[in-house]
Amino acid sequence: MNLFDRFFRTDADDGTPTGGRDDRRGLILSLAAHGLLVLLMVVGFSTAPDNPGPVQVELWAQGTVADAAAPQEQPEQQQPEPQPKPEPKPEPEPTPQPEDSARQAAEQAAQAEAARQAQLAEAQARAAEAAQAKADAEIALAKERKAREEMERRLAEQAAKEKADKAAAEQAARDKAAKEKAEKEKAEKAAAEKAAAEKAAAEQAAKEAAKEKAAKAAAAKAAAEKAAAEKAAAEKAAREKAAKEKAAKEAEAKRQALRAAMRGDALEAAGIPNGNADRNQRGGGGSDGYAAKVRACVQPGVVYNVPPRNGSANPTASFRTRLGANGQVQGVDLTRSSGNPRFDDAVQKGIVACSPFPKPPGGKYPSYIDVDYRMYD
């Protein structure tokens, strides 16, 4: 959009009031007219001959100068067009001489130039008056517009305040009615609750009396049942204790027998006739010394600072070592502790480190071997 379109759009284009558009349009037309007039004067002065000959000029003053249309709200007062001055009648002159003709031509040129300068000054003065009138009109329009906007703003604020006051009054009335209704309902509810509470209290008192009577009877019955239950529980506990002790003894006997049988089978499978694979004494255990080989394999892996022996006590840790077909240690289970957890842990690590176990004389590894490791042997 060019500058001309921006200043000459109507209300339908951007919604700007018509008065504002007319003011700008008038200002643009006024500036264009003055610029054209000045341009014509400059062109006239530049094209005039330096030594004009004798001319006769008739000067007519224009009544108006092209100016912008005044705003519709306050139209500008047009200046009355001046009446042309009557041309003076020429007086009979004597026959001009050559010198008189040149002087007369110069005087006429000077008069023409003075008349043109006067006309230019008058046009400029009128343009200045028109511009001042335009500015005054715009100032007056701006003041009027501002006053109108201020009045509209005040009216809008007053209407909004009246509307808000009315809404507040209506809301206050509604709140008051709702509060009165709520208080009435609350009072009615409180009365109903009080009556219900009194009725419930009477019923509860009757229930409590019946409950107390039933509780006394139940307490007497419970006391009798408790005494009978305690007697029966004591008898049952005695029977169960005796049965458990008997079962424990039988189970221990079975475990000892099974352990002995399994140990014998393992030693026999290891090829140690009448030997004891779980003895770890130095050089001991059977004619082939397999126990000594096991101890020699386990002992380097037992990292434990053995204290000086005090008395005849010899702490012993017993482990069941599960072996694979290739003699690799598959697992180590503590079957009897030495009473020293650190010593037990050291022996277990030594057994794990002895993998694979020494090969038995028979050449076939048993599924497990019981190893007894004594601290001072």
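Of the contacts in the protein chain with a separation of 6 or more, 68% are accounted for by residues 24 or more positions apart, where contact means heavy atoms within 4.5 Å. The structure is a predicted model, in which local features need pLDDT of at least 70 and side-chain atom pairs count only at pLDDT 80 or more, while totals for chains, interfaces and linings use all residues. Residues are numbered from 1 along each chain as its sequence is written, and side-chain values use heavy atoms, with hydrogens and water left out.

The protein chain has 6 helices and 3 strands; helices (H or I, at least four residues) and strands (E, at least two) are DSSP runs, numbered from the N terminus. Read from the N terminus, the order of the elements is α-α-α-α-α-β-β-α-β. Among the 377 residues of the protein chain, 20% are buried. Buried stands for under 20% relative accessible area, exposed for over 50%, and partly exposed for values in between, with a 1.4 Å probe and protein chains only.

The sheet comes next. Its 3 strands form an open sheet in the order β2-β1-β3, with antiparallel pairing. Because β2 and β3 stand at the edges, each with a single partner strand, one side of each is left without a neighbour in the sheet. Neighbouring strands of this sheet are turned by 25° against each other on average, direction ignored. Two strands are taken to pair if DSSP finds at least two bridges between them. Strands of a sheet pair through backbone hydrogen bonds, either parallel or antiparallel.

In detail, β1 (316-323) and β2 (329-336) are antiparallel and joined by 6 bridges. Most residues other than glycine have a negative phi, and most peptide bonds are trans. On the other pairing, 7 bridges join β1 to β3, again in an antiparallel manner, and A317 stands opposite Y373 in β3. Strand β3 is mostly covered, with 6 of its 7 residues buried.

Not counting residues up to four places away in sequence, T316 touches R336, S337, S338, D372, Y373 and R374.

Helix α6 packs on the sheet and touches β1, β2 and β3, its direction making about 30° with that of β1. Axes are lines fitted to C-alpha atoms, for helices over the stretch in contact, and angles run from 0 to 180 degrees between N-to-C directions. The buried residues of α6 are F343, D344, A346, V347, G350 and I351. They cover an arc of only 165° around the axis, which puts them on the same side of α6; the arc is that of the directions from the helix axis to the C-beta atoms. On the other side of α6, P341, R342, K349 and A353 are exposed. At the start of α6, the backbone nitrogen of R342 has a side-chain oxygen of N340 within 3.1 Å.

Helix α5 joins this picture. In α5 (residues 290-298), the buried residues are Y290, A291, A292, V294, R295 and V298. These pack against α6 (341-353) and β3 (368-374). The buried residues of α6, in turn, pack against α5, β1, β2 and β3.

The loop between α6 and β3 holds both P356 and F357. A cis peptide bond, with omega of about 10°, joins S355 and P356. F357 is buried, with a relative accessible area of 2%. Leaving aside neighbours within four places in sequence, F357 is in contact with residues including Y290 and V294, T321 and L323, I351, and I369 and V371. The C-alpha atoms of F357 and G324 are separated by 9.8 Å, although the two residues are 33 residues apart along the chain.

Technical notes: A polar contact is a pair of N or O atoms within 3.5 Å; within protein, one must be able to donate a hydrogen and the other to accept it, and residues adjacent in sequence count only if both atoms are side-chain atoms.
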